[in-house]
Amino acid sequence: MTGTAAAAHPTPLAAAAAQLRQHLRRRWLAQPTGVAEDRRARRAGGAPRVVTLGDVAAPAVADPNRCAATVHLTAATVLIGPLGGTAGRACGHCLATRWQRLRSRSQRDALEVGDQTTAVGPWPQLTAYQLDAVWELYRASHTGPPLPPPPSWDRHSIPLPRVSQLDLASLRVRTYPLLAEPCCPSCARQRPDTPDPLVLAHQPRPKPRPDTYRLRTPDDYPLPAAALVNPVCGAVGAGTALTVTSPTTAPVTGSVFIRGYGGLLDVSWSGQSSGYDASRALAHLEGLERYAGTHRRRNLTPVLAAYADLGPEALHPDRCGRHPDDVYETDLILRRFDPERPIPWVWGQNLHTGRPVLVPRRLCFYSSPAAGDTFVLSSSSGCATGSCLPEAVLFGLLELIERDAFLLAWYGNLTLPRIDLDTCPSTVRALVDRAELQGYRLHAFDTRIDLDVPVVTSLAVRHDGGPGLLSFAAAAHLDPRQAVTGALAEALTYIPHQPTTVRRRRAELERMADDYTLVRRLPDHSALFGLPRMAVHAGSYLDDRDTLPIEHLFACYRPPGTPDLRDDLRRVLDLLAARGFEAIMVDQTTPEQEAVGLRSVCTIVPGLLPIDFGWIRQRAPHLPRLRTAPAVAGLTDTDLADTDLRLVPHPFP
């Protein structure tokens with residue numbers, strides 16, 4: 001129900017809240033007077049303040065009543081809190097916002113975009129034992145020493161404010177930690193977005209070893225795991241799932257609904273390592289990265305302006321590629337960029353000059369909806385997280401280079417050198433053996449085009465030619481051996497699911513193979529190449545050419561091998577500049593990340609081929625670089641003509 005509808009038509013839940021409010025106030029006033037009561041009053045700010053959750057949307061404007069509330073009634077539970085906490089504060093509005101984000105698709109749509117909910121019957125009166133249970137939980141939470149945290153909590157969640165959930169059916173109590181909502185309209189201060197000074201070059205970033213490019217391991221970050229993932233107020237999701245039957249990795253996955261230009265999108269995050277503890281840490285880091293990249297999580301007001309009214313510091317979105325006119329005429333979501341129409345902009349920085357740059361918010365916060373700014377549908381490509389800005393930027397740029405190289409090779413129909421995996425480190429042999437046990441053979445290809453950064457494409461091919469035949473992946477790294485390992489490890493994450501996906505979607509995928517315009521979503525691209533009939537379009541990867549030792553292929557390549565990570569970043573920036581590219585960074589870091597020593601960025605390099613999902617929404621086939629880069633790299637004698645291109649949906653997962 002919308003806030004307006006709820007104001008006009010009191011809900012049955014509101015009537016139950018009034019009953020609870022009256023009971024708690026009566027019990028509060030009945031308490032003995034004296035020091036204990038004074039202490040309670042100081043802690044709770046007076047008698048219990050009761051609000052409802054789930055009958056109206058959490059308001060997007062400041063609400064003093066909800067902000068101060070410490071009793072929250074839902075259809076099935078009562079939440080007591082937030083209370084306590086030595087590591088920051090959170091208000092009732094923070095809790096309401098985080099609780100609502102974890103609701104089901106139907107409930108969120110009813111609350112956020114619906115007209116009015118309809119009661120199917122009278123709301124049951126709360127029973128005497130339910131009312132007493134709420135009071136006793138409230139009293140226990142507000143008087144005496146703090147209750148001990150559950151033993152399952154990690155130590156980093158213990159100092160946070162707490163929320164206790166009372167199940168009204170079973171009277172079971174569960175307690176969860178709560179992170180403050182950084183964009184809370186009631187307790188967070190909003191300020192305008194302004195350019196930040198460039199800080200990449202100011203502080204040395206020593207590496208643990210010259211051949212190491214991550215300054216910290218995932219276990220080094222003090223992640224409050226219980227606050228990040230819990231069913232009441234988890235910052236990135238309600239829970240995680242362990243796939244104990246996976247034969248190749250130990251996956252830990254999670255997801256959350258994010259509202260964007262197309263409604264609620266199920267945003268997934270995962271960790272894929274050889275053990276569940278390591279995978280869980282990676283999953284939490286990726287969940288935070290998705291959380292940072294989908295919407296701006298700092299309480300900053302974007303610059304709202306038309307491109308025509310901005311100065312030269314604004315990035316014209318067409319520099320990142322645009323769709324043909326007929327796409328804008330037929331696509332229901334895409335709209336042509338209008339330089340006269342105001343859209344949201346955020347401040348970024350040119351990484352070569354340090355100059356502030358205004359970037360369309362659509363290009364760097366990929367689920368933020370705004371009227372008229374769907375000139376492209378951006379993705380997480382180029383978004384990365386690290387222990388500092390230089391580390392995050394380095395890996396964001398490597399991802400952009402990886403996607404650019406993959407698309408150049410695919411659409412350009414290039415024949416790539418195949419790497420002899422027997423000449424790679426022993427860790428690669430273990431990955432190959434694991435794939436063989438699942439009936440797949442792994443291949444790896446040197447996918448460097450005109451940028452001398454190791455990019456490796458991996459391909460898993462099913463031995464018996466059955467469904468799930470092909471599975472592609474890729475990785476880029478400054479160390480070619482780590483690029484090979486990363487690409488093969490990525491392929492292993494898809495192998496167990498590809499045959500099942502193809503069998504489940506067989507009829508749908510067959511129609512896509514006949515009509516590429518039916519390829520519309522990200523999962524369609526990789527699933528399509530699980531069809532055995534699509535192998536004919538991957539001939540340049542499947543022929544019987546000789547393999548080459550990795551030492552031979554990268555004989556002239558020297559990893560930076562410096563003690564300072566800034567030197568590695570400068571090398572990549574110099575390679576881009578030598579080809580005429582400029583890199584831009586937008587800081588996406590959320591307060592939750594900053595508190596644990598993380599930084600997230602979106603990197604943008606106008607002119608590199610952008611990856612898109614959905615056949616009619618591809619920008620890469622229409623950009624000049626696709627036709628010129630192979631010749632610049634010496635891979636072809638002349639620029640590619642349209643007849644040279646492989647105009648088939650890319651298989652990037």
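**Rings and charges in a predicted model**

Me: Where does the charged end of Arg-103 sit?
Reply: This is a predicted model. In it, the charged end of Arg-103 sits over the ring of Trp-99, 4.2 Å from the ring's centre.

Me: And which residue does Arg-646 lie over?
Reply: Arg-646 lies over the face of Trp-410. The distance to the ring centre is 4.1 Å.

Me: Switching to ring pairs. How many aromatic pairs are there?
Reply: The count is 15 aromatic pairs. One of them joins Trp-410 and Phe-472. That pair is edge-to-face, with 5.9 Å centre to centre and 80° between the planes.

Me: Where in the chain are Trp-410 and Phe-472?
Reply: In distant parts, 62 residues apart. Trp-410 is in helix α12, residues 389-411. Phe-472 is in strand β18, residues 470-476.

Me: Are Trp-410 and Phe-472 buried or exposed?
Reply: Trp-410 is buried, and Phe-472 is buried too.

Me: Why is the pair of Phe-472 and Phe-529 edge-to-face?
Reply: Because their planes are at 85°, and over 60 degrees counts as edge-to-face. The ring centres are 6.4 Å apart.

Me: Where is Phe-529, then?
Reply: Phe-529 is in the loop between α17 (522-528) and α18 (539-542). Phe-472 is in strand β18, so this pair also links distant parts of the chain, 57 residues apart. Both Phe-472 and Phe-529 are buried.

Me: Which residues do ring pairs link into a cluster?
Reply: Phe-406, Trp-410, Phe-445, Phe-472, Phe-529, Tyr-541 and Phe-652.

Definitions and conventions. Residues numbered from 1 in each chain as written. Predicted model: local features only at pLDDT ≥ 70, side-chain atom pairs only at ≥ 80, totals over all residues. Heavy atoms only, no water. Phe/Tyr/Trp six-rings, centres within 6.5 Å; stacked < 30°, edge-to-face > 60°. Helix = DSSP H or I, 4+ residues; strand = E, 2+ residues; numbered from the N terminus. Buried < 20%, exposed > 50% of the residue type's maximum accessible area, 1.4 Å probe, protein only. Lys NZ or Arg CZ within 6 Å of the ring centre and 35° of its normal.
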